[in-house]
Amino acid sequence: MIYTTEVQHMCPIAKGAYHGPAPIPEEGKWVQAKQISDISGFTHGVGWCAPQQGACKLTLNVKNGIIEEALVETLGCSGMTHSAAMASEILIGKTLLEALNTDLVCDAINTAMRELFLQIVYGRTQSAFSEGGLAVGASLEDLGKGLRSQVGTMFATKEKGPRYLEMAEGYCTRVALNKDDEIIGYEFINLGKMMDFIKKGMDANEAVEKAKGHYGQFDNAAKYIDPRQE
């Protein structure tokens with residue numbers, strides 16, 4: 001340690017009371033976080049790249065400073081899926097501080113990591129007031145049956161109006177219109193369920209039909225259109 005001449009010639013003054021850092025809520029208890037192993041929590045965060053052509057939703061489950069679980073979901077950029085594959089291997093087993101200072105391949109994933117770090121170290125996690133936190137594997141509950149991300153894809157033009165392409169329920173196959181050509185419902189295929197049926201040996205055409213559903217006033221439509229062709 002090097003001190004300037006001015007500091008060397010100062011007379012020492014005793015430091016007053018020290019009460020430690022302000023406690024933060026972690027998994028149902030208050031913690032004075034003094035080192036990375038004091039940090040635990042389950043939370044989500046969203047990141048984006050500089051050109052903003054893609055986004056990442058990152059979910060981490062941290063126990064005693066170590067990332068025990070990671071869910072990486074990406075949107076809007078084809079290269080991000082490969083980045084997410086690498087990030088999923090990189091993240092697990094690292095300390096929170098290591099992950100913050102590791103290249104997670106894609107800027108959107110790096111940005112999401114930064115946002116999560118801020119939530120976790122400031123005690124703003126989803127599990128802040130849940131005793132014992134969430135079990136490792138909890139992020140899969142966000143995906144639901146079929147383990148697919150919740151994706152919404154809509155396209156619209158002033159000339160031709162909106163097209164529903166994918167909703168949380170699944171891939172949109174038909175959009176229902178009333179007599180005024182207003183959307184009143186849609187038909188979808190739950191791709192997760194469909195693939196589960198096929199893996200169990202069901203015929204693909206039968207699986208498609210069994211995985212179909214509809215929403216809204218679908219049965220009372222004046223007409224139906226294929227949002228990808230009409």
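Which residue's side chain meets that of lysine 179 in a salt bridge?

1. The model under discussion is predicted. In it, the side chain of lysine 179 meets that of aspartate 180 in a salt bridge, with an N to O distance of 3.6 Å. Lysine 179 is exposed, because its relative accessible area of 72% lies over the 50% cut-off for that class.

2. The structure holds 9 salt bridges. Side chains of opposite charge can pair when their charged atoms come close.

3. Another of these pairs joins lysine 223 to aspartate 181, whose closest N and O atoms are 3.2 Å apart. Lysine 223 belongs to strand 11 (residues 223-225), whereas aspartate 181 sits in the loop between strand 8 (170-177) and strand 9 (183-189), so the pair ties together parts that are 42 residues apart in sequence. Both partners are partly exposed: lysine 223 has a relative accessible area of 39%, and aspartate 181 one of 47%.

4. A further salt bridge is formed by the side chains of lysine 212 and glutamate 209, at 3.2 Å from N to O. Lysine 212 counts as partly exposed, with a relative accessibility of 31%.

5. Apart from the charged pairs, a nonpolar patch deserves mention. Met1, Tyr3, Val7 and Met10 make up this patch on the surface, and together they have about 510 Å² of accessible area. One of its members, valine 7, is located in helix 1 (residues 5-8). Valine 7 is partly exposed, at a relative accessible area of 37%.

Conventions. Residues are numbered from 1 along each chain as its sequence is written. This is a predicted model: local features need pLDDT of at least 70, side-chain atom pairs count only at pLDDT 80 or more; totals for chains, interfaces and linings use all residues. Side-chain values use heavy atoms; hydrogens and water are left out. Patches are made of residues with over 30% relative accessible area and no salt bridge: like charges are joined within 9 Å, nonpolar side chains (Val, Leu, Ile, Met, Phe, Trp, Tyr) within 5 Å. Accessible areas come from the Shrake-Rupley method with a 1.4 Å probe; for residues, only the protein chains shown count as cover. A salt bridge is a side-chain nitrogen of Lys or Arg within 4 Å of a carboxyl oxygen of Asp or Glu. Helices (H or I, at least four residues) and strands (E, at least two) are DSSP runs, numbered from the N terminus. Buried means under 20% relative accessible area, exposed over 50%, partly exposed in between (1.4 Å probe, protein chains only).
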